[in-house]
Amino acid sequence: MTSGAAASQISDPDSGAGQDAAQAIGPNRDDSRTLQVRDPRTGRFDSSVQTPSSADLSVIAERARNAQTAWRDLGFEGRIEIMRRFCQALEARRAEIVAALEIDTGRRRIAGIEIDSVHGALAGAAAVAPMFATPEWQAGRAAPHIKHAPQWLAYPLVGVISPWNFPLLLSMIDAMPALIAGSAVIVKPSEVTPRFAAPVMAAVADTPELADILTFVTGDGPTGQALVDLANCICFTGSVATGRRVAVQAAGRLIPAFLELGGKDPLIVLEGADLDEAATAALRGCALSTGQACQSIERIYVARSIHDDFLARLVALASQVRLNWPDISSGDIGPIIFERQAEILRGQIEDARERGARILTGGEIETHGGGLWLRPTVIADVDHDMAVMRDETFGPLLPVMAFGDEDEAVRLANDGEYGLSGAVFAADIEQAARIGRQIEAGAISLNDAALTTLFYEAGKQSFKASGLGPSRMGADGLGRFLRRKALIANTAQPLPIQAFSEDA
Ligand code: NAD
């Protein structure tokens, strides 16, 4: 089955869902294309999706914009109530959604966590919504006869473009607050992992008030580009290279583009740190999701006096990590989702090996059942010219380097183009915080790693090449979709022009 609209574009021999919705969009499919979808556990392209034609996408955007006014007028409480029912509809379809995510990402537990994250996104947006309630009139300070009241006005149509590593989570992390703010939303997930869109759109259909307000369209780069041309505000999560293109296109239209891009997160381990805890956090921070997370630890710097001890503990832990092959419900990490990523990982390992580094665990891309896999790969004797210390990895590589003093550790951590997040282990939180304050990145985990995976309440921006725009965490996560407008009233007589006359 190939159809033109939203989630109904999934070609699934077992499901005819969504054909009606597709037919409702319109007949013009001239420039619609078919994209093949791969199962990362088998390596087989076993499904396909259809991109919407440009005419279809324009119709979807026009309908969204038309429906948005009524959605906006529901107010926070009305929208939150509807999104609660949408979450219930997702729960009712949990098995279908998990099954779709499971095929595209090769992991089961995290597929369930992705659904849980949608509930978290709703709770987070609902908790901060009262901060954006319309307040009373306020008297002016300099001119007490002038009073003013703000109005928060949502962007009519928000476009969300998401990557393949957490397909549902990284779609709804932006879509949910935008919807709660009062915007209509079109989501374009990655063409690498689009299967979940069909059951999610079925949950949208189960929530009639969301008709035309939330739409998932399947497609690739050109579909994303077309969406940038139609939306009033763009949320983009993906690579630096694509992010730059999206930023330029959005700038041409003078619309905001909130960019969440790549990272090369450092972890610093200071003397006095608990080395077992540091090694445990380093491994989880690096290898969870097979390292396919933007906030993964990708470089580890350890005080020279404890370097060998830490390395031994890290190697011991890394050696115990199991692939979830052949049984998806047993093991710690899944396959490499995007096959081209395997080439990047292979290249970084080879570059390090050729320049004299030692590969202590893993190190080989393994093929099982047609899928590609990599065990956590601890690399010692690295230097800062190696690709593994400079370029984004997006895989389970753990390069470890010794430093002499704290200044050197901070200098090395800041020596790179990215500034997403980082981590510091020390004898106590205050010592870790002292170093953390000097790292040029938007979030620093202290005595743990990659805490932004688990904790969404702290506002954080992405520094350097890792992104642009307000925080997607904390109150700004909602506030960034609300434009502030001022109503200003004069309670006295308007001034005549003569009040500004040049006469003495
Ligand atoms: P990508 O840049 O290749 O693609 C991301 C999305 O952009 C996809 O949906 C793709 O179809 C779309 N796209 C491609 N060209 C486009 C264009 N010209 N205009 C509009 N959309 C276009 O990234 P990816 O490989 O899917 O994801 C991996 C990258 O995402 C990594 O660099 C990772 O660090 C980053 N990432 C960042 C975060 C974060 O929160 N900072 C989270 C997850 C992933």
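1. A89 touches A203, D206 and T207 once residues up to four places away in sequence are set aside, a contact being heavy atoms within 4.5 Å. A89 lies in helix α3 (residues 75–92), where helices (H or I, at least four residues) and strands (E, at least two) are DSSP runs numbered from the N terminus. At 8% relative accessibility A89 counts as buried, the term standing for under 20% relative accessible area, with exposed over 50% and partly exposed in between (1.4 Å probe, protein chains only). The C-alpha atoms of A89 and A123 are separated by 16 Å, and the two residues are 34 apart along the chain.

2. On the basis of these remarks: this is a predicted model, in which local features need pLDDT of at least 70 and side-chain atom pairs count only at pLDDT 80 or more, while totals for chains, interfaces and linings use all residues. Residues are numbered from 1 along each chain as its sequence is written, and side-chain values use heavy atoms, with hydrogens and water left out.

3. T105 lies in helix α4 (residues 94–105) and is buried, with a relative accessible area of 1%. The side chain of T105 reaches the backbone oxygen of L101 at 2.6 Å, which falls under the rule for a polar contact (a pair of N or O atoms within 3.5 Å; within protein, one must be able to donate a hydrogen and the other to accept it, and residues adjacent in sequence count only if both atoms are side-chain atoms). Leaving out residues up to four places away in sequence, T105 touches P40, W164, P167, T193, P335 and I337.

4. Aromatic pairs are defined by rings of Phe, Tyr and Trp (its six-membered ring) whose centres lie within 6.5 Å, with planes under 30 degrees apart counted as stacked, over 60 as edge-to-face and the rest as tilted; by this rule the count comes to six. W164 and F338 form a tilted pair, 5.7 Å centre to centre with 50° between the planes. The pair links distant parts of the chain, with W164 in the loop between β6 (157–161) and α6 (169–181) and F338 in the loop between α11 (304–318) and α12, 174 residues apart. W164 is buried, with a relative accessible area of 10%.

5. F196 and F216 form an edge-to-face pair, 5.8 Å centre to centre and with 90° between the planes. Here F196 belongs to the loop between β7 (184–188) and α7 (197–205), whereas F216 is in strand β8 (residues 214–216), 20 residues apart; both F196 and F216 are buried. Ring pairs also link W164, F338 and F394 into a cluster.

6. Helix α12 (residues 339–354) has 16 residues and reaches 23 Å from its first C-alpha to its last, close to the 22 Å expected at 1.5 Å a residue, the expected span being 1.5 Å times one less than the number of residues. Within α12, Q341, A342, L345, Q348, I349, D351 and A352 are buried, and the buried residues of α12 pack against β13 (358–359), β15 (371–373), β16 (377–380), α13 (387–390) and β17 (397–403). The helix is followed by G356, whose phi is positive, near 105°.

7. As for the ligand, a polar side-chain atom of S239 lies 2.6 Å from one of its oxygen atoms, and a backbone N or O atom of S162 lies 2.8 Å from an oxygen atom of the ligand. An N or O atom in the side chain of R472 is 3.2 Å from an oxygen atom of the ligand.
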